[in-house]
Amino acid sequence: MRKYALFAFGLAVTILVALGLVVLSSASQANGIRLHGDAYFFMRRQFEYIAVAVVLCLAVAWFDYRKWREYPFLPVAFYGVVFVLLLAVFLFPQVNGSWRWIKCGPLRLQPSEFAKLATVILVSVYLDKLGWRVELFSRGAFWPALFIGLIAGPVLLEPDFGSVMVIGSAGVLVMFLAGVRVLHLLVLGLPAVAFVGYKIATNANRMARLFAFTGWQPSSAEGATPVADAAAKAAEYQADMALVAIRNGELWGVGLGNSMQKQLYLPEAHTDFIFAVGAEELGLLFSIGVIVLFTIIFALSIYIARKSTDRLGRFLAVGMGFIIYFQAMFNLGVVCEALPTKGMALPFFSYGGTNLLTSFFAIGTIFSVGLHSSGDRNRMRKVSSDSPKGV
């Protein structure tokens with residue numbers, strides 16, 4: 001049965017990637033002409049990113065996930081490198097008011113994307129080796145929470161609250177799966193949530209987005225600033241234009257390549273708001289199909305985790321599947337104006353190399369769990385069938 005699950009899992013990912021390329025080929029044309037004088041500039045770059053990402057995915061799938069546990073320096077080194085990269089972003093200029101990128105010539109790297117993977121891997125390996133001691137506060141709750149908080153700290157300072165949510169949620173999910181007591185999670189989690197809430201409340205741009213989402217605008221007496229007011233209007237405009245695109249699509253869409261909102265009406269049409277262009281051109285059936293495919297991927301991740309031969313495989317498969325699913329559902333919630341405007345890529349659709357690499361890394365890890373666990377079961381069956389029957 002697992003072979004069929006892995007096949008279905010790979011098929012769902014392939015369909016999403018194909019759909020993503022189709023929508024990007026249309027959504028990126030206007031910005032490609034405006035920024036680079038080439039309608040297919042972003043499309044060609046995305047093909048290059050996908051080629052590298054697929055090679056990475058195959059390598060990670062071939063890599064036996066249990067080596068993360070057998071060689072503890074591997075997860076520690078991965079975590080350490082990502083942490084250093086997160087600090088290095090502050091050496092580069094801000095982009096749209098945040099330090100998120102490391103620029104190396106024509107290439108840009110967003111370390112916060114890799115921080116999500118490093119968190120799941122390190123916390124999973126640590127808790128797997130801990131065994132029954134996960135029930136102890138100091139060993140089972142405090143240290144994993146410290147790992148999560150340490151790598152989330154620089155991300156919070158960038159600031160990138162969306163990535164902090166993913167890092168924290170994925171880490172806590174792995175802790176819960178490992179058997180960490182809920183009381184311990186609450187003791188450590190509630191102050192962390194309160195602190196993040198405080199950072200959001202003291203950030204004018206983020207509060208402006210919340211104001212735009214709720215429809216309430218603060219008066220000057222309540223501390224409004226011209227920057228915050230402009231941010232609120234920009235966030236509201238993006239959300240409104242996304243809804244216009246979705247409404248235009250109706251059931252069947254206006255046809256591939258016929259979107260009006262991508263003609264510079266919808267900001268970030270080829271990145272964070274690409275789903276709105278797809279919904280406009282391909283209609284409601286496309287929107288439902290995307291949601292169903294992402295849900296299938298997460299459900300199959302859980303199934304593969306349940307069939308894993310060890311705890312580490314279960315932690316990794318669920319954690320990696322959750323990273324993809326959380327980002328996808330949050331992005332769709334923002335585009336549909338069910339959540340406040342927050343820049344978060346739609347996996348396999350949004351233009352960008354870093355998110356593609358990390359998404360395919362997560363997919364490769366889930367494949368690794370399924371393939372190597374399946375190999376273990378086959379060897380166990382062969383040994384059982386070759387052994388002499390009992391007397």
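Guide: A residue is called buried under 20% relative accessible area, exposed over 50%, and partly exposed in between, using a 1.4 Å probe and protein chains only. This is a predicted model, in which local features need pLDDT of at least 70, side-chain atom pairs count only at pLDDT 80 or more, and totals for chains, interfaces and linings use all residues. Residues are numbered from 1 along each chain as its sequence is written, and side-chain values use heavy atoms, leaving out hydrogens and water.

Now to the rings. Those of Phe, Tyr and Trp (its six-membered ring) pair if their centres lie within 6.5 Å; planes under 30 degrees apart count as stacked, over 60 as edge-to-face and the rest as tilted. The count comes to 20 aromatic pairs. One of them is Y49 with Y351, tilted at 50° between the planes and 5.9 Å centre to centre. This pair links distant parts of the chain, 302 residues apart: Y49 belongs to helix α3 (residues 41-62), while Y351 lies in the loop between α13 (311-335) and α14 (353-386). Helices here are DSSP runs of H or I with at least four residues, numbered from the N terminus. Y49 has a relative accessible area of 18%, so Y49 is buried, and Y351 is buried too, at 17%.

Next, look at F90 and W99: their planes meet at 50° and their centres are 5.7 Å apart, so this pair is tilted. F90 is partly exposed, with a relative accessible area of 30%, and W99 is partly exposed at 29%. Finally, ring pairs join F298, F322, Y325, F326 and F330 into a cluster.

Definitions and conventions
Helices (H or I, at least four residues) and strands (E, at least two) are DSSP runs, numbered from the N terminus.
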